[in-house]
Amino acid sequence: NAELHAGGVRTNYILKEGGNTFHGVMFGAYAPGGLQSDNLTDALRARGLPTPNKIKANWDVNPGFGGPIVRDRLWFYTSVRAWSAQQYVAGMFYNKSLVPWRYEADTTQPALNIETNGNESLRLTWQAAAKHKITGQYQYGQQDRPFYGYSLGQTLASPEAAYASKSIPSYLGQVGWNSPMTNKILLEAGAAVANKNFFTFLQPVAGNN
């Protein structure tokens, strides 16, 4: 609509704040490779593709907990999350050659694209007065992609030649205030700071050759 300065999907959600009773929630998901089929045909094998893209394991663990610090006045909500996606790369394997510039596929060690993430967060809500609520939150995250090159399209590189990446630390800090002055007027203000240290680098073994 006319309020937005750019097109695309928008999501609006209300963050959890805790309350006067303690509550927790737990989410978990796991998908092993055995749940996935593939479309590798004899025609593709004949053209030189020995293995398809295939999931090794995807998992996600996310507990959360919140409650009162001072009843009717100050509440907290905290959560942690860890999740990972691990996928075999079609037709690629580790190099078993001892000669650095010569590639000899080790078909017992297929190439694996891995992304592992973590996040820890804490949110505080303070009812400073009847019409003044102040919130603050902090999130700290980690992202490790040891074979990030496969996500960049280096699908013809062995794992030793694929770029690696780490984004540690990654954080977000935010404070906000709102005040319903009347039935028709709501005042809001907020500020946030965010940072993500994004590094890409060669595989450690590449620096030795």
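Mentor: A salt bridge is a side-chain nitrogen of Lys or Arg within 4 Å of a carboxyl oxygen of Asp or Glu. The model is predicted, so local features need pLDDT of at least 70 and side-chain atom pairs count only at pLDDT 80 or more, while totals for chains, interfaces and linings use all residues. Residues are numbered from 1 along each chain as its sequence is written, and side-chain values use heavy atoms, with hydrogens and water left out.

Trainee: To how many salt bridges does the count come by this rule?

Mentor: Side chains of opposite charge can pair when their charged atoms come close. Under the rule just given, the number of salt bridges is 4.

Trainee: With which residue does Arg81 form a salt bridge?

Mentor: In this salt bridge of Arg81 with Asp60, the closest N and O atoms are 2.7 Å apart. Arg81 lies in strand β3 and Asp60 in strand β2, so the pair ties together parts that are 21 residues apart in sequence. Strands here are DSSP runs of E with at least two residues, helices are runs of H or I with at least four, and both are numbered from the N terminus. The partner of Arg81 is Asp60.

Trainee: Is Asp60 buried or exposed?

Mentor: Buried means under 20% relative accessible area, exposed means over 50%, and partly exposed lies in between (1.4 Å probe, protein chains only). Arg81, with 31%, is partly exposed. Asp60 has a relative accessible area of 11%, so the class is buried.

Trainee: What distance does the polar contact between the side chains of Asp60 and Arg81 have?

Mentor: A polar contact is a pair of N or O atoms within 3.5 Å; within protein, one must be able to donate a hydrogen and the other to accept it, and residues adjacent in sequence count only if both atoms are side-chain atoms. Contact in general means heavy atoms within 4.5 Å, and beyond its neighbours within four places in sequence Asp60 has such contacts with Phe27, Gly28, Ala29, Arg81, Ala82 and Trp83. For the polar contact of Asp60 with Arg81, the distance is 2.7 Å.

Trainee: Over the face of which residue does Arg81 lie?

Mentor: A charge sits over a ring if NZ of Lys or CZ of Arg is within 6 Å of the ring centre and within 35 degrees of the ring normal. Arg81 is placed 3.9 Å from the ring centre of Trp83. The ring under Arg81 is that of Trp83.

Trainee: Which residue meets Arg123 in a salt bridge?

Mentor: The N to O distance between the side chains of Arg123 and Glu17 is 4.0 Å. Arg123 lies in strand β4 and Glu17 in the segment before β1, so the pair ties together parts that are 106 residues apart in sequence. Arg123 is buried at 12% relative accessibility, whereas Glu17 is partly exposed at 23%. The residue that meets Arg123 is Glu17.

Trainee: In which helix do Arg45 and Asp42 both lie?

Mentor: Arg45 and Asp42 form a salt bridge with closest N and O atoms 3.0 Å apart. Arg45 is partly exposed at 43%, and Asp42 is exposed at 61%. The two are 3 residues apart, about one turn of the helix, and that helix (residues 42-46) is α1.

Trainee: How many aromatic pairs does the structure hold?

Mentor: Rings of Phe, Tyr and Trp (its six-membered ring) pair if their centres lie within 6.5 Å; planes under 30 degrees apart count as stacked, over 60 as edge-to-face and the rest as tilted. The number of aromatic pairs in the structure is 6.

Trainee: Why is the pair of Phe22 and Phe65 stacked?

Mentor: The ring centres of Phe22 and Phe65 are 5.8 Å apart. Phe22 lies in the segment before β1 (23-32) and Phe65 in strand β2 (residues 54-70), so the pair ties together parts that are 43 residues apart in sequence. The pair counts as stacked because the angle between the planes is 5°.
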